[in-house]
Amino acid sequence: MESNFCSLNDSEDLNILISNPDERLRIERTKTLFEEIRASLNNNDEEDRSFWRPVLPWGGVYTIRAGRKAISCIPLYVKVNLKNTCTIDGFLMLLYVILRDNQTFPQELGVFLGREFVEHFLYLMDSYDYTTVKMLWILDRMSKRQYRSAIHQSALEIDLFGNEHENFTKNLEDIMSTIQESLCTNWGCPARFQEFLKKTININPPHELPHRDPIQSAVDQFFCTKIVLCQEFGCSGLREFSQRVFCHGPPPFIILNMQLWKSEELSYVPYHLALSQHRYSLEGATLFNKEEHHYSAAFQIDGSWMHYDGLRSDNLILLNKPPELLLLSSLVYVRCSDNK
């Protein structure tokens, strides 16, 4: 039987999503969401802590008006129900804080994700239009293979259950892309010269804890030169790897995938990293709850740490100390300016 429900046509529906602000939530405000968060941190009067309202709550319901270009549906209004959005929520929160806390980063990120995307992302976050923020990411950044969709009672359900690095980190284009070249010493090697391109930074825990910071050591290992036995069939040469470098210069921020690390290997998390001749400082982290299969995030503003959890009613709370990173999914570092 032919369905009466529309399907989302990514490119055209994205234009509808961002080109009709009159039909989306519009809030005239003198402060950005980031400025309100910062102000609340500096306000010790409990009566004035009105900021503590839900920010990027889990899930969401997005209403699409029928009869628009590329959307011709029955009934007049149809709904998109979002489920298991924690796989993008924490990183969306971190991305917003990073962009608002660093004036030049929106322009840099716009080179990779598009200036229009970055501008609308910031506008929607500052307007508290959180469901539209998630729809913007899904339609603009994710492929349809990365989520499940089905029709339930005249509503389209989009389920983002899965891994946050698949749903977010891998959709950041070439921001963190690195390249490493290798050359085999054997002139008869069938693939003497090779290039290895990676779009994300996956660091492996050490087999034995080093004398110095294990995370810095793992990052150094990811970027360093090395000589190993050539793995090409029939070749007995040595393969020399050059230093790994960023393809497009040092990115404004980096995400370290920490899912392979155990808690005992993370007794110390560095606040600063030396990375490819640049200095980065810790901005936040994402955490994973195994029992709930749920992601949350922590970030710092002006030295104060906050914990974001979209499932909770008070989902953005102030921490008296950095969170205990027992179930760590990622660490997020931002590039320091030259004067820091």
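Mentor: Accessible areas here come from the Shrake-Rupley method with a 1.4 Å probe. On that basis the accessible surface of the protein chain comes to about 17,900 Å². Keep in mind that this is a predicted model.

Trainee: What share of that surface belongs to carbon and sulfur atoms?

Mentor: Carbon and sulfur atoms account for 49% of the accessible surface.

Trainee: And how many of the residues count as buried?

Mentor: Of the 340 residues of the protein chain, 49% are buried.

Trainee: How many helices and strands are there?

Mentor: The protein chain has eight helices and 17 strands. Taking contacts between residues at least 6 apart in sequence, 68% join residues that are at least 24 apart.

Trainee: Which residues touch the most other members of the largest nonpolar core?

Mentor: Met93, Phe121, Ile203, Ile215, Leu256 and Leu331 do, in a core of 82 residues. Helix H3, residues 86–101, supplies the largest share of this core, with ten residues. In soluble globular proteins, nonpolar side chains tend to be buried together.

Trainee: Take Leu256. What is it in contact with, leaving aside neighbours within four places in sequence?

Mentor: Leu256 contacts Ile201, Ile203, Ile215, Val219, Leu273, Ser329, Ser330, Leu331 and Tyr333. Ile203, Ile215 and Leu331 are also on the list of core residues that touch the most other members.

Trainee: Back to H3, then. How does H3 sit against H4?

Mentor: Two packed helices are described by the angle between their axes and the distance between the axes. For H3 and helix H4, residues 105–113, the axes come within 7 Å and cross at roughly 125 degrees. The two helices are therefore oblique to each other. Leu95, Ile98 and Leu99 of H3 make the contact with Phe105, Pro106 and Leu109 of H4. By class that is six nonpolar residues, no polar and no charged.

Trainee: What about H3 and H5, what angle do they cross at?

Mentor: The axes of H3 and H5 cross at roughly 105 degrees and come within 11 Å. Angles of 65 to 115 degrees count as roughly perpendicular, so H3 is roughly perpendicular to H5. On the H3 side the contact has Leu92, Met93, Leu95, Tyr96, Leu99 and Arg100, and on the H5 side Val118, Phe121, Leu122, Met125 and Asp126. Those residues divide into nine nonpolar, no polar and two charged.

Trainee: And which residues of H3 meet H6?

Mentor: Ile88, Asp89 and Leu92 in H3 meet Val133, Lys134, Trp137 and Ile138 in H6. The contact has five nonpolar, no polar and two charged residues. Helix H6 covers residues 130–141, and its axis comes within 11 Å of the H3 axis, crossing at roughly 105 degrees. H3 and H6 are therefore roughly perpendicular to each other.

Trainee: Change of topic. Is Phe34 buried or exposed?

Mentor: Phe34 has a relative accessible area of 4%. Buried means under 20%, so Phe34 is buried. Phe34 is in helix H2, residues 33–41.

Trainee: What does Phe34 touch, not counting residues up to four places away in sequence?

Mentor: Phe34 touches Tyr96, Val97, Arg100, Asp101, Asp126 and Ile301.

Trainee: Where is Arg53?

Mentor: Arg53 is in the loop between H2 and strand S1. With 38% relative accessibility, Arg53 is partly exposed. Leaving aside neighbours within four places in sequence, Arg53 contacts Tyr128 and Asn315.

Trainee: Tyr128 has a phi worth checking. What is its value?

Mentor: Tyr128 has a positive phi of about 60 degrees, although it is not a glycine. Tyr128 lies in the loop between helix H5 and H6, and Tyr128 is buried at 13% relative accessible area.

Trainee: And what is phi of His293?

Mentor: Phi of His293 is near 45 degrees, also a positive value in a residue other than glycine. His293 is in the loop between strand S13 and strand S14. His293 is partly exposed, with a relative accessible area of 32%.

Notes. Residues are numbered from 1 along each chain as its sequence is written. This is a predicted model: local features need pLDDT of at least 70, side-chain atom pairs count only at pLDDT 80 or more; totals for chains, interfaces and linings use all residues. Side-chain values use heavy atoms; hydrogens and water are left out. A nonpolar core is a set of buried Ala, Val, Leu, Ile, Met, Phe, Trp, Tyr and Cys residues joined through side-chain atoms within 4.5 Å. Buried means under 20% relative accessible area, exposed over 50%, partly exposed in between (1.4 Å probe, protein chains only). Helices (H or I, at least four residues) and strands (E, at least two) are DSSP runs, numbered from the N terminus. Contact means heavy atoms within 4.5 Å. Axes are lines fitted to C-alpha atoms, for helices over the stretch in contact, and angles run from 0 to 180 degrees between N-to-C directions. Angles under 35 degrees count as roughly parallel, over 145 as roughly antiparallel, 65 to 115 as roughly perpendicular and the rest as oblique. Ala, Val, Leu, Ile, Met, Phe, Trp, Tyr, Cys and Pro count as nonpolar, Asp, Glu, Lys and Arg as charged, and the others, Gly among them, as polar.
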